[in-house]
Amino acid sequence: MDADLTLAALTGVSGPMAMEGMFGGVFWVLLGMAAATYLTRAAGLFLISRVSPTPRVEAFLRHVPASILVAIVVPNLVQGGPAERAAAGITALVAILTRNLIAALFAGVLAVIVLRGVI
């Protein structure tokens, strides 16, 4: 009953019509997002197959994944607690010692899981 009232308050429609309208809307939003994701990726692959990038563009493209990773990690590190900061230190240590990004990522994820349970 409470879910029906909340749904009615959000959509302005109550009853089975509200549920049908919500899921129909979600379906179309998901379908649109999937289409946009596919088109942007396909367009990128199409363009890069037609153009030979300059060495400067290749250097830029090589550094994009690391930049995205930093953009994701740093805000969480700044806003996180001691467990997240300790896990970041462990991740950096594993990365320096092994020079293996995948090993560092696994160590970081494992460290966050364990340290959140301990700290």
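How many nonpolar, polar and charged residues does the lining of the largest pocket have by class? The lining has 14 nonpolar, three polar and two charged residues; Ala, Val, Leu, Ile, Met, Phe, Trp, Tyr, Cys and Pro count as nonpolar, Asp, Glu, Lys and Arg as charged, and the others, Gly among them, as polar.

The model is predicted, with local features needing pLDDT of at least 70 and side-chain atom pairs pLDDT 80 or more, whereas totals for chains, interfaces and linings use all residues. Residues are numbered from 1 along each chain as its sequence is written, and side-chain values use heavy atoms, leaving out hydrogens and water.

H4 and H5 pack at an angle of about 155°, with axes 8 Å apart; the axes are lines fitted to C-alpha atoms over the stretch in contact, and angles run from 0 to 180 degrees between N-to-C directions. The two helices are therefore roughly antiparallel, a term for angles over 145 degrees. Contact (heavy atoms within 4.5 Å) involves, among others, Ile90 and Val94 of H4 and Ala107 and Leu115 of H5.

| Site | Nonpolar | Polar | Charged |
|---|---|---|---|
| H4–H5 contact | 12 residues | three residues | two residues |
| Largest pocket lining | 14 residues | three residues | two residues |

H5 supplies the largest share of the pocket lining, eight residues. Helix H3 (55-79), H4 and H5 each supply at least two.

Key:
Helix = DSSP H or I, 4+ residues; strand = E, 2+ residues; numbered from the N terminus. Parallel < 35°, antiparallel > 145°, perpendicular 65-115°, else oblique.
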